[in-house]
Amino acid sequence: MIDKQQLKEFVLRLGDDSLVLGHRLSQWSSNGPFLEEDLALTNVALDYVGRARMFYGYTAEIAADGSTEDSYAYNRDCRDFTNLLIHELPRGDFAFTMARQYLVDEFNLAYMERLKLSRDKTLAAIAEKAYKEDLYHLRRSTSWILRLGDGTTESHDRLQNAIDDLWGYTTELFEMDELDQEMSKANVGVDVASLQPEWIRQVTATLSKATLTVPADDWVVTGGRKGIHTEALGHMLSDMQFLQRAYPGQQW
Amino acid sequence: MKLYEVFIRSRRGLDHKHTGSLHAENPQQALEYARDIYTRRSEGISIWVVNSSDIVASQESDCESFYDPHDDKPYRHAAHYQLPDEVNNM
């Protein structure tokens, strides 16, 4: 049996994943490689920020302590964030952004497909919406992987470098700590470890088609779920949270 | 990149209408960008994209020979017909 505190912590993790990735994507807004892609990428960013609002809103509802979606986004420090590390890495060049997006999209689509079956009705409803968004995200990111990987020497090399730099962060996607196991056992969460073989199969197929090499598993970094982050998150938060820190409670 | 013209059908029963244009690498990408640029506020249920260079357009210089001869043929206009209210979207 899971208690309120466990459910809150679990939902908060999903909110952190969505917000941090959404914010990273939003850093392309008005800086995209060309207008059409700028708008498309910003749409994806908005999907994630919207998702973060739903998860944070639900977290606040469970907590019932006067917290709001904004307090989770703006009034917590690095160590309180429990997002997976892959989401917080700086946006890098366009190849890096699309490489991360593709790896994460493959994971998220499978994840949301399972979360739709959650016994928790709110999580199932959020997953229903997120799944549809992810179908489109994956379609976009897959075509970019193929275009850049099988493109020019420079686009191929940049994308291969990005995949190499990201690979050690993908193991964490499939890690199950005690909370994940409890949530999965209660049919509320997802058994992420079971998603790994299919993810590897899909990613390998796409990378091969894009003339890219699947990196060796020779390094792994984890810690996000425990609040142990890369140095990148603090810088991101200092920017993202500036306004609420300088003018607490400020509204639109 | 190539230029594409975008046509959107706002709902069933209506025609696709020209909504704008965009740049894309290929038709598939053009379709996806059209979705992102022109349908994000639920403007449509169907999208067509067409290579702009595939459109054959009349020219300003054609006006005289194309349209002026119709000016003195008012009997071709349906201006005096009363349209029943039930007929929408004409």
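How many residues of chain B are in contact with how many residues of chain A? Ten residues of chain B are in contact with eight of chain A, where contact requires C-beta atoms, placed from the backbone, within 7 Å. The model is a predicted one, in which local features need pLDDT of at least 70 and side-chain atom pairs count only at pLDDT 80 or more, while totals for chains, interfaces and linings use all residues. Residues are numbered from 1 along each chain as its sequence is written, and chains are lettered from A and ligands numbered from 1 in the order in which they are written.

**View 1. The side of chain B that touches chain A.**
Helices (H or I, at least four residues) and strands (E, at least two) are DSSP runs, numbered from the N terminus. The largest share, five residues, comes from α1(B). By class, this side of chain B holds four nonpolar, two polar and four charged residues. Here Ala, Val, Leu, Ile, Met, Phe, Trp, Tyr, Cys and Pro count as nonpolar, Asp, Glu, Lys and Arg as charged, and the others, Gly among them, as polar.

**View 2. The sheet of chain B.**
The three strands form an open sheet in the order β2-β1-β3, with antiparallel pairing; two strands pair if DSSP finds at least two bridges between them. β2 and β3 of chain B stand at the edges with a single partner strand each, so one side of each has no neighbour in the sheet. On average, neighbouring strands of this sheet are turned by 30° against each other, direction ignored. Helix α1(B) packs on the sheet and touches β1, β2 and β3 of chain B. The direction of α1(B) makes about 115° with that of β2(B); axes are lines fitted to C-alpha atoms, for helices over the stretch in contact, and angles run from 0 to 180 degrees between N-to-C directions.

**View 3. Strand β1 of chain B and its two partners.**
Strand β1(B), residues 2-9, pairs with β2(B) in the antiparallel sense over eight bridges. These two strands form a hairpin with six residues between them, and Gly13(B) in the turn has a positive phi of about 95°. Strand β1(B) also pairs with β3(B), residues 46-51, in the antiparallel sense over six bridges. Tyr4(B) stands opposite Leu22(B) in β2(B), and the bridge partner of Tyr4(B) in β3(B) is Asn51(B). Val6(B) stands opposite Gly20(B) in β2(B).

A nonpolar core is a set of buried Ala, Val, Leu, Ile, Met, Phe, Trp, Tyr and Cys residues joined through C-beta atoms within 7 Å. A residue is buried if 20 or more other C-beta atoms lie within 10 Å of its own, exposed if 12 or fewer, and partly exposed in between. The largest core has 69 residues, of which Phe55(A), Met98(A) and Ala99(A) touch the most other members. Helix α4(A), residues 94-115, gives the most to this core, with twelve residues. Leaving aside residues up to four places away in sequence, Met98(A) touches Ser141(A), Trp144(A), Ile145(A) and Leu148(A). Glu106(A) also lies in helix α4 of chain A and counts as buried, with 25 C-beta neighbours inside 10 Å.

**View 4. Helices α1 and α7 of chain A.**
Helix α1(A), residues 4-26, packs against helix α7(A), residues 178-185, at an angle of about 105°, with the axes 10 Å apart. The two helices are therefore roughly perpendicular, a term for angles of 65 to 115 degrees. Gln6(A), Glu9(A) and Phe10(A) of α1(A) meet Leu179(A), Glu182(A) and Met183(A) of α7(A). The residues of this contact divide into three nonpolar, one polar and two charged.

**View 5. Loop residues of chain A.**
Ala64(A), in the loop between α2 (35-63) and α3 (69-74), has a positive phi near 45°. Ala64(A) counts as exposed, with 9 C-beta neighbours inside 10 Å. Thr211(A), in the loop between α8 (196-209) and α9 (231-240), has a positive phi of about 60° although it is not a glycine. With 13 C-beta neighbours inside 10 Å, Thr211(A) counts as partly exposed.

How values were computed: Contact = placed C-beta atoms within 7 Å. Parallel < 35°, antiparallel > 145°, perpendicular 65-115°, else oblique.
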